[in-house]
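Please open the structure in your viewer and keep the selection tool at hand.

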Amino acid sequence: MKQILRIGEYYALTHRLSAYWRNQQSEIFRKQKRKISSRRQPRRKLRGGRPSPATHKEKLCVQTHAKAPALPGPGLAIGVLALLLLAINISVCAKHEAHKDTITPLQIGDTIPESLWHLPLQVVNHPEGKDTITLSDYRDQKLLILEFWGLSCSGCIQSINKLDTIKDAFDDGQLALLPIHVLPYPFDEAKMLDYVGRAAERNRWSVPSVVKDTTLYGLFSRYLPDWGDVWIMDGRLLAVPTHGYISRETIAAVLGGRFVNFRNRRNAPAIDPYRPLLANGNGEGKVLYRSGHGTVTGYIPHHYPMYLTLEYRADSTYLYTWNRTLPDLLYEAYSPAIMQHLTAQTGIIWATTAMEGRLNYEEDTTVATFERVATREAWNTANLYGYQLRVPGRLTEEEARGMMRRDMEAFAEAHPGIRLSVEAAAPHTYAVLRKLGGGQMTGQVLETTADTTYTDHDAEMYRFIGYPKETLIHNISGALRQNPGINLTITQVVDSTGIPDNSRCRFEFPKSFRDGTADLAAIRNTLERHGLYLTIERANVPVLVVRSTDRRDTIHSIH
């Protein structure tokens, strides 16, 4: 787990916290307590034996619990010293609390606060020998990239090396780089400064690195769980991207005003799918519908989409997904009830105009970069959904999706104002695979007792031994797709053989299956040798039909 703690006036990054740091920190606290008070203070612990945040605060401000003995001579001196330290510590703690309240993490698109531009930053490796700089030294740069790094983060050091080279390819005033070293603090200051200085020298950086940062990391903590790069453009937070965006081409696109679809990092607490969504801090957002066991939610900010997942835990069934478009969510619920191999685009007919513009996001490339971010977030808030099912007992996947369908029907009519029904309403051409005759020969030909999978081939044939039925279906579908004379609207073969999915099979087919020269007759002849036959059929197949509750119906599909 990654967590940010504040120690005194400093941010401590607990990610990859070394045993050395933990021991040093404990020793510092023990020495403080021994100097001030001989009375042992009670310790509150979290589960697992770790001190609670409140205990950390007590340790840092331990003098507030000390009592100064009113004794003559040395005892009086000790008491006076304790009172002085008490006053100093109260001041430090008050300053820490005030500092804590002044830091508000920024969001993408926010303007960098004026006070941050003038904040003194201690640096090493400055080309002019300076010990202190401010961000205002880089304010005339169109793009400023802050690289938060640590000595144990080799990827961070590689990014700094790459950026240090890339920046020379751009004109003055276009691009600046400022590394910011992040390390648990307090630490052996001289040793830390030496390490950072030697890293800069070893990698031949032409830029300084900030050390002992107490503010900047907190400013971007909404996105940074540990290390990473922060892009500031024209004085506003442009992106805190995931790995892979540092390149000359990407930076040139940003500087040229072209849109870059950044995937930003997230530093939000993980959602626990076994607890109720959006309850007691388990995600932020709105609950849109709740049944006995199911919950439909709106958009959960700061989290990537979660695809539908079925899990069993403690003899209970959990089905969950979040931050999905309405077509995707409906498809997840209704896929067992509609034709095999249809998708969210082909398996749903929208017989209503009520949801226009709300089904899939379309990027407006004419809008400026910062406005695009705000527009996309507003669309997500209005049009992304989630679902969670928590029910005692072990349900099959079909049973769980059935409960999801019932919840979606009730939600859809109450919230977006639409009605859902499965109807044979879409004409499709597709291939169906069946057994020949009674199917006894099929089993004898296909089934194998081989406990390993392997392939063999000669000049004309491929042979598969020990593979699941899915591999056979995949190869037949591929042969049909390769042939330009066979036009299917559902390109995956519909399996009606009844052969168990976990069966191990042996089969062979000519190499013409893969080069597109096998016609339909050749494909059928090959399958007949395995006790199977293939038909091409055209019919209206079951799909999900979505209508408006006010009956203003205009049929159209998602494309």
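**A buried tyrosine and its surroundings**

Select Tyr385, which is buried because its relative accessible area is 2%, where buried means under 20%, exposed over 50% and partly exposed in between, with a 1.4 Å probe and protein chains only. This is a predicted model, in which local features need pLDDT of at least 70 and side-chain atom pairs count only at pLDDT 80 or more, while totals for chains, interfaces and linings use all residues. Residues are numbered from 1 along each chain as its sequence is written, and side-chain values use heavy atoms, leaving out hydrogens and water.

Rings of Phe, Tyr and Trp (its six-membered ring) pair if their centres lie within 6.5 Å; planes under 30 degrees apart count as stacked, over 60 as edge-to-face and the rest as tilted. Tyr385 belongs to strand β15 and Phe411 to helix α11, 26 residues apart. (Helices, H or I of at least four residues, and strands, E of at least two, are DSSP runs numbered from the N terminus.) Phe411 is also buried, at 1% relative accessibility.

Next, select Trp231 and Phe262, an edge-to-face pair at 5.2 Å centre to centre, with 65° between the planes. Trp231 lies in strand β8 (residues 228-233), and Phe262 in the loop between α8 (248-255) and β10. Trp231 is buried at 0% relative accessibility, and Phe262 is buried at 13%.

Finally, select Tyr462, Phe464, Tyr467, Phe507, Phe509 and Phe513, which ring pairs link into a cluster.
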